[in-house]
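Reader: Hi! Could you walk me through this one?
Author: Happy to, here it comes.
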Amino acid sequence: MHTELRRAPAPRNTQACPPTDGPPQGHVPADGSSQGHVLAVGTPGPRRERLTRTLESTGYAVTHAVPGDIGRSVQRTPPDAIVALEGHGGVEQAVAVVREIRTAPQGQVLPLVMVTADPEPAGVARLLRSGADDCLPEAADPVELSARIAAKLHRVPVPVDRLALDPRTGLYSAPHFRAELDRELSRPGSRSGRRDGVLAVVGVAEADTLEERFGARVRGEVAERLAGIAERLGNGSDRLGRDEEGRLLLLMPGVDEETARRALTEFATAVAGTRFVVADENVRLTPAVGWLPLADADGHAVERAGDAVAEALRHRDLRPVRYEPWMRAAAPRRRAKQVVRPLLLALSPLLALLVGVGVPFALYEQAYAVLGWDVASGVYWVVVAGLVLSAALILLECLFSLDAPTRPAAPAQPYPPASAVIAAYLPNEAATIVDTVESFLRLDYPNDLEIVLAYNTPHPLPVEDTLREIARRDRRLVLLPVAGSTSKAQNVNAAVSRVRGEFVGIFDADHHPAPDAFRHAWDWLSNGYDVVQGHCVIRNGDSSWVARQVAAEFEAIYAVSHPGRTRLYGFGIFGGSNGFWRTDLLARIRMHGSMLTEDIDSTLRALREGARIASDRTLISRELAPTRLKPLWNQRSRWAQGWLQVSLRHLGQALRSRSFTPRQKAGLVVLLGWREVQPWLSLQILPILLHSAVRAGGADRIDWATPACLLAFAFTLSAGLVQTAFAGRLALPELRARRGWFWRHALVSTFFYTHFKNIVARQAHLKELLGDRRWRVTPRTAATRAVGQE
């Protein structure tokens, strides 16, 4: 979708420009009088001379300028008005002259009259829409030309904010919009006394940048275009206005909050999916919507909604933000001192045992003692069946990974301009970011490739000087500090409206993509896919046993599970880094910073839109793994809690949605439902065994040699070993040679690592229940030895 964002006619001066330091460099009437100073624009020749004589004969002082040098002429000798000749290039050239005049800061406010050789109605209309104030034929009487110029100079225009509605845009001015709001608030409410309706304010994240480039009037023009989309999506009772800062104001009476929230979300997504054209440049806009219900509105309602806009601007994720009292600009947010939650979090391992072992054991004992029911026996077979099912699903993924779709042999379209976004938190990743940037600048791509480093830092760092020097040396590098950012999602959202590429690769700050990564990504995207997830490979596996464990695990994830699940369930997953998106899709989807795994959340929202996501084990990017258990714990805890958040938000919606096939819904049940149940289900063997031991009179009296139990145990154990074997076989050659890593991974996973991840998952569930959703960044250090670096 493309929407033209053109300059409207500039407001006219109510008086002539102040005199300059010298007389105009033109002709003055013989009687010495002058009605004003006119700049005549045109190519030197007989036509411009005739225009000059005409202007002089009616009392104007005249100076000259040629197209291409108008801005400097206006700045050097500011005129009172401009009269421009249509050149030999016809209307197209005349439109270019109008835009050149209106682009110059001084030219934005000057009366502009176009003189054409043979004005056609369509051409005149186009010139007026482009920014001319008037248009008349070259053969017009000199008296008429003089009168038209005088009318522009001396008639005092009525300010738009004095009118109830802007006659050109139909928007209420700020004072009149507030009057409409007051009238709405004075209406009697419903029988319950509640007033239905919503007030919304819409800001644009790129407003300051656009104003720096195109002048202050661009804010109003953006508001007008946003209003056009709001009118198309809204209903006849909505009222639209514009405030003093150029933000769009929406009054939506008679709607409930949920309906209004959905409508505002649809509006924001439509704006983000529209390409606006500003001065012949494609511009993406990021709307920030703040709103509050009319039931909570008062005389400061617009200011309150504006405070919510400020919060929406921080996230840039297109979600409308409802005003809350803590958002008041004059009152900093206060956090209540917490005592209970930190204590419960510290005791969370014990709480997990209490919930997962103590409570079930008590229930089994009570059911047996009071009712005579041996519930534990039934639950035992449920647990065994669940563990067997988990193992079977792992084996199916392994088998289907052998038949995963292969990358198309060639692109279906020529390689377009592309963009890479590196999301970084520099205090944490300052040690690695320079190497990362240098690796991106070595990428092999046959068209333009811009590298956008979107980063946040609480204070200036020395590494920023180094990065600025690299950017001066290589213009492909674009540094994008994101003020106030607290998450990777906010950095990506800030970058996506800035990038110029038709597709964009998203990377963490420690990733080194293979030289051919962007070319291979386009092979997929040009053949009908919307997102392609590559293969993340650990490059510091030699640094510690933890890094080696993660290196083998990543091969099981990216070389086996991702391709296998894609083939098995009919959809892929975006894994957060080394993923490539069509830019238009990413601009609509964005990343939600409130989600700890914003990548999986964006996957589900993209799939609901019908996106096709591929997984390619040959699309390589190398990254750093945590080298100690504590950073690994923090990383996996965030992942586990993020998966839970995605499950709670999306699973029910996905199962009710018509966007997914039955096969895909089955896969979502496994990925979002079963994965959350399995860590607690595997723990149930402990209360069952404890109950059995109590009933039998001791653990030594239990028959441990039950054939079904032994077979289930052997089958479950074999699944992990088979997956590790597949990972070793499908890994990159450089890692396939490290067979010892995979043998140790199988051994450590069997006796420790699988239980470690289950403990992390259970604690993450408790953290989510307690409302602890803090992002703990995984520390990065430069790798001393790297496996398979380019």
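Author: First a term: buried means under 20% relative accessible area, exposed over 50%, and partly exposed in between (1.4 Å probe, protein chains only). Of the 790 residues of the protein, 52% count as buried. This is a predicted model, where local features need pLDDT of at least 70 and side-chain atom pairs pLDDT 80 or more, while totals for chains, interfaces and linings use all residues. Residues are numbered from 1 along each chain as its sequence is written, and side-chain values use heavy atoms, leaving out hydrogens and water.

Reader: How many helices and strands does the protein have?
Author: There are 26 helices and 21 strands, taken as DSSP runs (helices H or I, at least four residues; strands E, at least two) and numbered from the N terminus.

Reader: Switching topic: where does Phe752 lie?
Author: Phe752 is in helix α26.

Reader: Why does Phe752 count as partly exposed?
Author: Because its relative accessibility is 32%.
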